[in-house]
Structure formats: C-alpha cells, structure tokens
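Hi,

Here is the structure I promised to pass on. My notes follow below it.

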Amino acid sequence: MGGMGLSARDAVEQIRRAVPSERVLVDPEVMAGLSQDQAVWAPVGLPAAVVRVASTAEVQAVVQACIRYGVPIVPRGAGTGLSGGANAVDGCVVVSTERMNTIVEVDALERLAVVQPGVVNDDLRAAVADYGLWYPPDPASSPWSTIGGNVATNAGGVCCAKYGVTRDYVIGLELVNPLGEVVRVGRRTAKGVAGYDLVGLMVGSEGTLGVVTEITVKLRPLPPNPITVAAYFDTLSDAGAAIEAVAAAGLTPSALELVDRHCLAAVDAWKNMGLSTDAQVVLLGRVDEPGEAGAAAAEEMAGCFRRAGATWAERSTDEDEAEALFAARRLAFPALERLGPVLTEDVCVPKGRVAEMLGRIEEIALSNEVTIANIAHAGDGNLHPLLITPLGDEAARARAQNAFEQILAAALELGGTVTGEHGIGLLKRPGLDAELSMEVLQMHRAIKRALDPANLFNPGKIFDA
Ligand SMILES: Cc1cc2nc3c(=O)[nH]c(=O)nc-3n(C[C@H](O)[C@H](O)[C@H](O)COP(=O)(O)OP(=O)(O)OC[C@H]3O[C@@H](n4cnc5c(N)ncnc54)[C@H](O)[C@@H]3O)c2cc1C
C-alpha cells in the first residue's frame with residue numbers, strides 16, 4: 001500500500017464503511033491504470049486509494065472522510081484528458097465516476113437532459129437523438145470521455161465552431177463541494193440570473209473546486225444533414241489562408257478541421273482506410289444550413305479553398321467517404337501515439353492569425369529538429385500541434401519540450417491562448433503564468449481559498465493555491 005500515510009489509512013478505513021470494499025481499490029497495480037490521463041509526459045503520484053463511486057451519497061462520504069483526515073482528492077472521469085488534470089497526487093484518493101453512468105432524465109419539452117457525471121459523451125448524444133434532440137459538444141474523444149470530465153475541462157470539439165463548447169450547454173450542476181456539502185447550482189429554466197454564475201465557474205475548473213455529481217444540459221433539435229467539402233493543400237500556410245478566407249466570407253461552418261499528412265499516414269498505416277496521403281494538408285469543412293442555402297454555402301466554401309491555393313477542393317457526393325475522412329481526423333491522435341510518446345499542444349489563436357501560427361509551428365519544428373504533426377479545430381483557430389518523439393530518446397524529448405514552450409509563447413504573441421480546450425492541468429502551468437496577469441492569478445487563488453480552504457481538491461493542478 002504505497003503512498004498511504006497514517007491519515008490516508010484512516011480515511012480509507014472510514015471510506016470502507018460507506019462504500020463496498022470491492023470498489024475501494026488499494027492494489028498499486030490496479031490503481032496504476034486509474035491514476036493518470038493521456039498526457040504521458042505529466043508527472044503522476046501514487047494514490048492511497050481509488051474509489052469507484054456509485055452515488056452522490058458515496059461521493060459525499062469519500063469527501064467527508066478525506067476532509068477529516070486532510071487527504072487530497074482527485075476526481076476522475078474516463079482519463080482521456082491531455083493535460084495531466086486527472087493524474088493522482090501522492091497519497092490522494094482518486095474518485096472515479098465511471099459507475100455513475102445513468103441518464104437520469106430527458107425532458108423533450110424543456111429540451112434538457114439530466115445526467116450523472118460518468119455518462120459517456122456519445123451515449124448522451126445517442127440517447128437524446130431518440131427524442132429528435134442533440135447534445136452538440138463533441139470532443140474527438142466522444143466515444144470514451146465522460147460528461148463530468150467534459151464539464152470539468154469545458155471540452156470543445158468538432159462542431160463547436162458553430163454550436164459552442166460545453167459551457168454553452170451546462171445550465172445546472174449538483175456537486176459535493178470542498179466542505180463536504182451536496183449543493184445544487186444553476187437552474188433548469190431557459191433563463192435565470194439568481195446570484196453569481198457558479199455553474200460557469202465550475203465548468204472548466206478541472207476538479208479543483210468539487211466533485212460534480214449531476215449535470216443538467218440544454219439540448220437542441222437535431223441539425224439538418226451536413227454537406228462536406230474536402231480540400232487538399234500543398235502547404236500549411238495555404239490551408240491557413242483558406243481558414244481565414246472562410247471567416248472573411250462570413251461563412252459559419254458546422255465543422256472546419258485540419259489534418260496533415262503525418263496524421264493521415266499514421267491513421268492509414270493503422271486502420272488501412274485507403275486515405276490519400278498525396279496531400280500535405282487536408283481541410284474538412286461542413287455546412288448544415290438546410291436546402292439551397294446549404295448548397296450555396298458549400299459552393300462558397302469550396303471557392304474559398306480554391307482561391308487560397310487548394311490543389312483540389314470539392315463538395316463530397318458520398319457521405320460515407322466524408323464520414324471516413326472525419327473518422328480519420330478523430331483517430332489521428334491515437335494513431336500517432338503508436339509511433340512514440342506524443343506531447344499534445346492546444347493553442348488557440350485569432351482566426352486571422354492561423355496561417356501565421358502554422359508557419360511559426362513549422363519553423364519551431366525545424367529549429368528544434370522535432371517531428372510535429374498537425375490536427376486542428378481550424379474553424380476556431382484551435383491548433384493541436386502534436387510533438388512526436390522516439391520512445392526513450394531523452395535528447396529528442398528535451399528538444400520537444402523546448403518546442404512546446406516556444407509554441408505557447410508564439411500563440412500568446414499572436415494574441416492567442418495557451419489552451420483552447422484541454423485545460424491547464426499540470427502541463428500548462430507555466431503557460432498560465434505567462435498568459436494571466438499577477439492580479440488575475442491572485443483572483444484565482446482567492447476563489448480557490450474561499451471554496452477549498454484546506455486545498456484538498458486536485459492540489460497543484462492549474463496553479464499553486
Ligand atoms: C483521442 C482524444 C481526442 C480528444 N479530443 C478532444 C477534443 O476534440 N476536444 C476537447 O476538448 N478535448 C479533447 N480531448 C481531451 C479529453 O478527452 C477531454 O479533456 C475530456 O473532457 C476529458 O474527459 P474525461 O472523462 O476523460 O476526464 P478525465 O481525463 O478523467 O478528467 C479531466 C479533468 O476533469 C476532472 N474531472 C473529471 N470528472 C470530474 C467530476 N465528476 N467532477 C469534477 N472534476 C472532474 C479531472 O480531475 C481532470 O482534471 C481528447 C482526448 C483524446 C485522448
């Protein structure tokens with residue numbers, strides 16, 4: 001039972017009185033699989049226990065035991081995070097919500113759903129589709145990531161260019177706060193402004209302000225079938241110019257994704273999808289205006305692509321083929337991971353500076369001799385340069401770390417942010433210091449101290465309290 005000090009031992013004993021023993025895991029080997037997310041470069045501690053909670057009452061019992069004995073708490077969803085946010089800290093209790101996976105309610109009249117935090121993103125989308133409704137936020141991890149994790153990271157995704165991110169859909173939350181109380185914040189009504197926006201504060205707080213135990217989300221009617229426009233480019237900067245041209249034309253694509261040759265080749269080598277890897281860069285655009293407006297928007301987007309220098313740009317006539325390209329986009333990250341440890345970037349820049357940022361990324365790759373693949377939620381200016389290093393090559397890793405920091409600095413210089421959607425976690429802490437003023441960091445600390453006075457919730461994540 002490594003990682004377990006005296007007080008942690010007492011806390012685990014108290015937890016065992018509230019949660020059946022088979023769901024209170026203390027075997028280091030079993031815990032290892034539940035102690036870190038997908039940010040392979042972030043440090044990981046050794047937990048005292050991992051508790052697979054099944055109800056709000058159990059979460060409360062765990063939190064109260066941890067408060068009593070001063071034991072840190074690390075909330076965890078599916079562990080698909082890319083910033084180290086769900087990584088265990090030494091001697092903590094990891095609260096794993098995967099068992100809390102019930103869709104509690106779908107209210108078609110109010111167009112809302114109430115779910116437990118462990119519900120998988122795709123499962124919510126499938127369940128509400130039966131009512132003709134849609135939950136838009138669709139991170140590329142949607143087959144695995146949980147709504148609780150999406151809330152805690154304010155996850156974005158492919159359709160966010162038009163439909164917004166997780167925060168735009170969450171209207172109410174139940175949580176166990178750092179005082180061990182079960183509280184409800186927010187509303188169920190279409191509007192409501194009673195008090196501070198504590199829902200907005202909790203969304204994106206990366207497990208540092210409580211464990212979310214229930215989520216109320218807004219839904220939309222299902223969108224019309226989209227039209228896909230695909231385009232090939234010889235250079236990243238041409239693709240960047242195309243992204244700017246789409247925004248300048250006043251188009252609002254329901255998706256605009258970028259995938260480069262490295263990613264397509266890695267996906268093809270893995271899944272044998274017969275993808276063309278002639279193109280250096282592929283842009284995948286979608287529009288979903290109904291009827292003729294959609295056809296006109298698709299044509300206009302193809303025109304933007306061509307004028308920006310696409311070697312080929314066409315509206316897709318085969319939805320299966322279009323879906324395969326989007327599937328390849330979603331598989332890019334796991335496909336690259338097969339080549340070696342991947343350090344994932346997540347910068348977001350103004351749309352008009354995407355081309356310049358892509359150019360900077362290329363220069364940084366060259367000067368540091370690092371392979372950098374690119375995928376992007378391009379329509380949002382949200383770029384994911386993926387830094388790939390051979391396993392065990394420490395020199396390459398140091399060069400990649402240097403490149404990582406230079407990319408953050410470049411994004412800030414161009415008026416962007418160090419994280420568009422993955423969060424700060426552990427990997428971006430220096431980035432946050434660079435982005436926020438001292439005064440604003442102090443405001444963060446003041447909020448953290450007021451709500452979590454003992455600094456037990458995910459300590460060391462985002463910033464030092
Ligand atoms: C292949 C791949 C593609 C991805 N694509 C995207 C993308 O397009 N857009 C995007 O935004 N992200 C993306 N991600 C990152 C990741 O999937 C998201 O950050 C996701 O929201 C994490 O959900 P999770 O359930 O895995 O949470 P975890 O990784 O388990 O946890 C994430 C954070 O949330 C906290 N947390 C989890 N549950 C709770 C809870 N109930 N209460 C309080 N805090 C909690 C954790 O402490 C941690 O800080 C991708 C990841 C992968 C591996």
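Just after α8, G250 has a positive phi of about 80°. Helices here are DSSP runs of H or I, at least four residues, and strands are E runs of at least two, both numbered from the N terminus.

Two points on the basis. This is a predicted model: local features need pLDDT of at least 70, side-chain atom pairs count only at pLDDT 80 or more, and totals for chains, interfaces and linings use all residues. Numbering runs from 1 along each chain as its sequence is written.

Back to α8 (residues 236-248). Its 13 residues should span 18 Å at 1.5 Å a residue, and the end C-alpha atoms are 18 Å apart, which agrees. The expected span is 1.5 Å times one less than the number of residues.

The helix is mostly covered, with 10 of its 13 residues buried. Buried means 20 or more other C-beta atoms within 10 Å of a residue's own, with C-beta atoms placed from the backbone. Among the buried residues are L236, D238 and I243. The buried residues pack against several elements, including β12 (227-233), β13 (255-260) and α10 (291-307). Contact here means C-beta atoms, placed from the backbone, within 7 Å.

Best wishes

Terms used. A residue is buried if 20 or more other C-beta atoms lie within 10 Å of its own, exposed if 12 or fewer, and partly exposed in between; C-beta atoms are placed from the backbone. Two residues are in contact if their C-beta atoms, placed from the backbone, lie within 7 Å.
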